[in-house]
Amino acid sequence: MELDSLYISIRIEKSRLNEFFASKPISPNKDDNWSQWWESRQMYSKTTLEIIPSYSQVRIREVFDNLLKDQFYGAKEYYEEEKQHWTFAVLNFSENYLEILPMLALLKQLEGYVLEGYALIFDWMWGGDTVMAYVDFTAGSALLETVTESYAVELKRFEEANQGLQSLAEELGAG
């Protein structure tokens, strides 16, 4: 079982982050961005992406709390007041595309809240070459990028994610 890691790094005002956390996870409509991203993925017995599932929790905060509570995931979050910067990292996140869809749906929900940033789901523990998902946040938008290789991710971002996950692994005694 090769689990990919999740790393979210965004600039967001604390009040906006709390609004996001208080909202309900929703199943987004499939649009061109979802379709192009899904088409760019390579997987065994690929199905058509019809419905994008969402988490069943009442509030988005519960989704992140559940990841933080379960030691298996190796998750940690940090909010830096001065820089208005939220980081959320999970060492053992997921091994397949269908499992990550609810998280991607959540990340797309951040669209109206985030100032800038990114989210990355990649095989950090296995060398970090393969990207499952890369979401680029700019003011007012959250785009799923069609990249599949880490070298296609902005180097500064990739290095930050790599370092953040490495620090987390060391902190949890797994690195």
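This is a predicted model: local features need pLDDT of at least 70, side-chain atom pairs count only at pLDDT 80 or more; totals for chains, interfaces and linings use all residues.
User: Happy to dig in! What makes R61 and D65 a salt bridge?

Analyst: The closest N and O atoms of R61 and D65 are 2.9 Å apart. The cut-off is 4 Å between a side-chain nitrogen of Lys or Arg and a carboxyl oxygen of Asp or Glu, so the pair qualifies. Both residues sit in helix α3 (residues 60–69), four residues apart, about one turn of the helix.

User: Why is D65 called partly exposed?

Analyst: D65 has a relative accessible area of 28%. Buried means under 20% and exposed means over 50%, so D65, at 28%, is partly exposed.

User: Which residues are linked with R61 in a network of salt bridges?

Analyst: D65 and E77 are linked with R61 in that network. As for the whole structure, a search finds nine salt bridges.

User: What makes E171 and K76 a salt bridge, and which parts does the pair tie together?

Analyst: Their side chains meet at 3.0 Å, N to O, and the limit is 4 Å, so the pair counts. E171 lies in helix α5 (residues 155–171) and K76 in strand β2 (residues 75–80), so the bridge ties together parts that are 95 residues apart in sequence. K76 has 37% relative accessibility, so it counts as partly exposed.

User: How do you know that D136 and R157 form a salt bridge?

Analyst: The N to O distance between their side chains is 2.6 Å, which is within the 4 Å limit. This pair links distant parts of the chain, with D136 in strand β5 (residues 131–138) and R157 in helix α5, 21 residues apart.

User: Are D136 and R157 buried or exposed?

Analyst: D136 comes out at 19% relative accessibility and R157 at 14%. Buried means under 20%, so both D136 and R157 are buried.

User: Let's move to H85. Why is H85 called buried?

Analyst: H85, found in strand β3 (residues 85–94), has 17% relative accessibility. The cut-off for buried is under 20%, so H85 counts as buried.

User: What makes the H85 and T87 pair a polar contact?

Analyst: The side chains of H85 and T87 make this contact at 3.3 Å, and the limit for the N or O atoms is 3.5 Å. Leaving aside neighbours within four places in sequence, H85 is also in contact with residues including I10, Y78 and E160.

User: Now the rings. Why is the F20 and F21 pair called tilted?

Analyst: The ring centres of F20 and F21 are 5.9 Å apart and the planes stand at 45 degrees. Centres must lie within 6.5 Å to pair, and planes under 30 degrees count as stacked while those over 60 count as edge-to-face. F20 is buried at 0%, and F21 is buried at 5%.

User: What makes F72 and Y73 edge-to-face?

Analyst: There the planes are at 70 degrees, with 5.5 Å centre to centre, and over 60 degrees counts as edge-to-face. F72 is partly exposed at 44%, and Y73 is partly exposed at 24%.

User: Which residues do ring pairs link into a cluster?

Analyst: F20, F21, F64, W86, F88 and Y113 are linked that way. The structure holds 14 aromatic pairs.

User: How do you know that R61 lies over the face of F21?

Analyst: R61 is 4.3 Å from the ring centre of F21, and the distance limit is 6 Å. R61 also takes part in the salt bridge with D65.

Notes: Residues are numbered from 1 along each chain as its sequence is written. Side-chain values use heavy atoms; hydrogens and water are left out. Helices (H or I, at least four residues) and strands (E, at least two) are DSSP runs, numbered from the N terminus. Buried means under 20% relative accessible area, exposed over 50%, partly exposed in between (1.4 Å probe, protein chains only). A polar contact is a pair of N or O atoms within 3.5 Å; within protein, one must be able to donate a hydrogen and the other to accept it, and residues adjacent in sequence count only if both atoms are side-chain atoms. Contact means heavy atoms within 4.5 Å. Rings of Phe, Tyr and Trp (its six-membered ring) pair if their centres lie within 6.5 Å; planes under 30 degrees apart count as stacked, over 60 as edge-to-face and the rest as tilted. A charge sits over a ring if NZ of Lys or CZ of Arg is within 6 Å of the ring centre and within 35 degrees of the ring normal.
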